[in-house]
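User: Could you walk me through this model, with a few questions and answers along the way?

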Amino acid sequence: MQVIEPKAELGIAVRATIKRDMTLVLRRRSEVINPLVFFALVITLFPLGISPDPQMLAAIAPGLLWVAALLATQLSLDTLFRSDYDDGSLEQLLLSPQPLPALVLSKTLVHWLLTGLPLALMAPLLGLMLALPGQSYAVLAFSLALGSASLSLIGAIGAALTVGLSRGGVLLSLLVLPLYIPVLIFGAGAVQVVILGGNAAPYLAILGAQLCLALMLAPWAIAAALRISING
Amino acid sequence: MAFRLEARGLTCERDDRRLFQALDLDVGPGEVLRVEGPNGSGKTTLLKILSGQLTDHEGELRWCGQPMRKVRTAFLANLLYLGHSPGIKAALTAVENLAWYQALSGEHGDEAERLAVLEEIGLYGFEDVPVAQLSAGQQRRVALARLSLTQRPLWVLDEPFTAIDKQGVARLEQRLLAHARAGGSVILTTHHELAPLGELRRITLGQAVCNRSGE
């Protein structure tokens, strides 16, 4: 039998991985819906806990929305590699002759499409509840869409590192939350600036730069972290 | 070009226990290598090292004469590894599972081919059922369907006979034999008594004995 040369058909593998992960998540709807429900519930608690005064709520709304969205993303991260690890398909993913960073990037992309993007689209609705001024809705959704992509990428590194641990959830949060701080500062800042009548473009540009950096570095870090987890 | 997997001086320690020491191995076309030993003697660890998954060992692995580190992708394109967990997604159907594995090796594959393979392993009529609804043995068969679906010369199989019925075992033995005759090679662990599989070599872990059957 002849030796087989590796086929450089990365496109096929990436497309198939995206399709497979989409199918998997959409068959277990709760995984898509849970972060959204969590987001809505947390935001509902604040007017009840602090005060229903619209002026006061409007002042803290950008930060609240961003922190709640960040925690909702965080909640859903633990499942990113967990089921693949449990049934052995992660092992097979690592043994495929395709570059691992590209494959994990496609898995992370699916996570963002089904967690970060819905959160970003839902945020203006919850902003309404917190009496967020009308002119900031577009920037809120856009900054969350940009920022949550960075959050998915950074979080996936932590998820990959803790996938081998049976109770990695808390450790994952401890590892990843400090790394979210820059994204949070500029994300919430963008919304705040629009409310004050300023220009959000510089903030959004920095969020975009953060995303570019995460896109460049995170896939390699995730791949390395997965190899460490499997080796352990 | 013929392929060859060589291991020189493999030594592995786990939890202060030496599993094997200075193990030399050679696997080439047409060979079937069976790794034997009691539970916990390091069979799975050895298979994982040989398939390039574990790197915390001493000794060298070579593929076609080149060090494994340098030719990892080329090696992986020739390897089919089936571990303890079958690597089958329970929420997907058998066909969807197989399609993903084909895509990972860079092939589109086609539906008719996948259906033919499923029929061959006795899962005709179950191709559109989520794997979760199949029995353990049937799930195992879905994983084993990859043997017929993707062309890979080197098979590394960890307990492939688990949960498979008598008929299935006989068929899998035939499949292994056919693969070896066609010039492929198989490394496997099993507690199952194998029917004569051509030239079968054995390695017994736990007592550091290596012999050749029929001698």
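Analyst: Happy to! Helix 8 of chain A is followed by A:G197, whose phi is positive, near 90°; helices here are DSSP runs (H or I, at least four residues), numbered from the N terminus. This is a predicted model, in which local features need pLDDT of at least 70 and side-chain atom pairs count only at pLDDT 80 or more, while totals for chains, interfaces and linings use all residues. Residues are numbered from 1 along each chain as its sequence is written, and chains are lettered from A and ligands numbered from 1 in the order in which they are written.

User: What is the mean pLDDT of chain A?

Analyst: pLDDT is the predictor's confidence in each residue, from 0 to 100. In chain A, 100% of the residues reach 70 or more. The mean pLDDT of the chain is 92.

User: Where does helix 8 of chain A bend?

Analyst: The bend is the angle between axes fitted to the seven residues ending at a residue and the seven starting there. In helix 8 (residues 169–195), that angle is about 40°, and a proline, A:P182, follows within four residues. The bend is at A:I181.

User: Is A:T17 buried or exposed?

Analyst: A:T17 is found in helix 1 (residues 10–27) of chain A. A residue is buried if 20 or more other C-beta atoms, placed from the backbone, lie within 10 Å of its own, exposed if 12 or fewer, and partly exposed in between. Because A:T17 has 24 other C-beta atoms within 10 Å, A:T17 is buried.

Key:
Helices (H or I, at least four residues) and strands (E, at least two) are DSSP runs, numbered from the N terminus.
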